[in-house]
Amino acid sequence: MSAHILVVDDSASMRQMVAFALTSAGFTVDEAEDGQVALGRAQGKRFNAVVTDVNMPNMDGISLIRALRGIPDYKFTPMLMLTTESGLDKKAEGKAAGATGWLVKPFNPEQLIATVQKVLG
């Protein structure tokens with residue numbers, strides 16, 4: 001059974017690129033355009049991993065990770081931040097919220113797939 005991944009980004013083209021990379025590697029992907037939509041999807045379904053952007057309207061990626069970590073089913077779920085933000089303060093904030101890892105845009109599809117496979121064990 002393939003891992004089910006939730007991809008969250010307010011940019012439709014970025015979601016498509018990430019989803020394409022992951023589905024081509026055999027993963028099942030659901031998409032959400034912001035943290036609020038993602039949180040709703042996660043409450044109704046169990047995802048094996050979450051890949052989220054940081055800067056989004058309604059609910060940003062760091063708030064999303066913090067909210068997901070509060071749900072028992074998502075306590076240990078790998079959550080990767082995919083963002084243009086490479087500042088150490090943002091990384092620290094993401095890590096404090098419970099982010100598993102950090103990928104910087106523009107992302108390399110092979111690196112994304114390798115990182116997702118690694119965090120899924």
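Modeller: We'll take the sheet, then the salt bridges, then one tyrosine.

Colleague: What should I know before we start?
Modeller: This is a predicted model, where local features need pLDDT of at least 70, side-chain atom pairs count only at pLDDT 80 or more, and totals for chains, interfaces and linings use all residues. Residues are numbered from 1 along each chain as its sequence is written, and side-chain values use heavy atoms, with hydrogens and water left out.

Colleague: OK. What is the strand order in the sheet?
Modeller: S2-S1-S3-S4-S5, an open sheet of five strands with parallel pairing. Strands (E, at least two residues) and helices (H or I, at least four) are DSSP runs, numbered from the N terminus. Two strands pair if DSSP finds at least two bridges between them.

Colleague: Which strands stand at the edges?
Modeller: S2 and S5 (101-104). Each has a single partner strand, so one side of each is left without a neighbour in the sheet. From one strand to the next, the twist averages 20 degrees.

Colleague: How many bridges join S3 to S4?
Modeller: Three, and the two strands run parallel. Val-50 has Met-79 in S4 as its bridge partner.

Colleague: Which strands does helix H3 lie across?
Modeller: H3 (residues 61-69) lies across S1 (4-8), S3 and S4, and runs at about 175 degrees to S4. Axes are lines fitted to C-alpha atoms, for helices over the stretch in contact (heavy atoms within 4.5 Å). Angles run from 0 to 180 degrees between N-to-C directions.

Colleague: Switching to charges. How many salt bridges are there in the whole structure?
Modeller: Five. The rule is a side-chain nitrogen of Lys or Arg within 4 Å of a carboxyl oxygen of Asp or Glu.

Colleague: What does Glu-31 pair with?
Modeller: Arg-15, at 3.2 Å from N to O. That links distant parts of the chain: Glu-31 is in strand S2 (residues 28-32), Arg-15 is in helix H1 (residues 12-24), and they are 16 residues apart.

Colleague: Is Arg-15 buried or exposed?
Modeller: Buried, at 12% relative accessible area. Glu-31 is partly exposed at 33%. Buried means under 20%, exposed over 50%, partly exposed in between (1.4 Å probe, protein chains only).

Colleague: And which residue does Asp-30 bridge to?
Modeller: Lys-45, with the closest N and O atoms 2.8 Å apart. Asp-30 lies in S2 and Lys-45 in the loop between H2 (35-44) and S3 (49-52), so the pair ties together parts 15 residues apart in sequence. Asp-30 is buried at 16%, while Lys-45 is partly exposed at 37%.

Colleague: Where do Lys-90 and Glu-93 lie?
Modeller: Both are in helix H4 (residues 88-97), three residues apart, about one turn of the helix.

Colleague: Which residues form a network of salt bridges?
Modeller: Asp-9, Asp-53 and Lys-105.

Colleague: Then what sits over the ring of Tyr-74?
Modeller: The charged end of Arg-46, 5.1 Å from the ring centre. That call needs NZ of Lys or CZ of Arg within 6 Å of the centre and within 35 degrees of the ring normal.

Colleague: Where is Tyr-74, and what is it in contact with?
Modeller: Tyr-74 is in the loop between H3 and S4, buried at 1%. Leaving aside neighbours within four places in sequence, its contacts include Ala-42, Lys-45, Phe-47 and Met-79.
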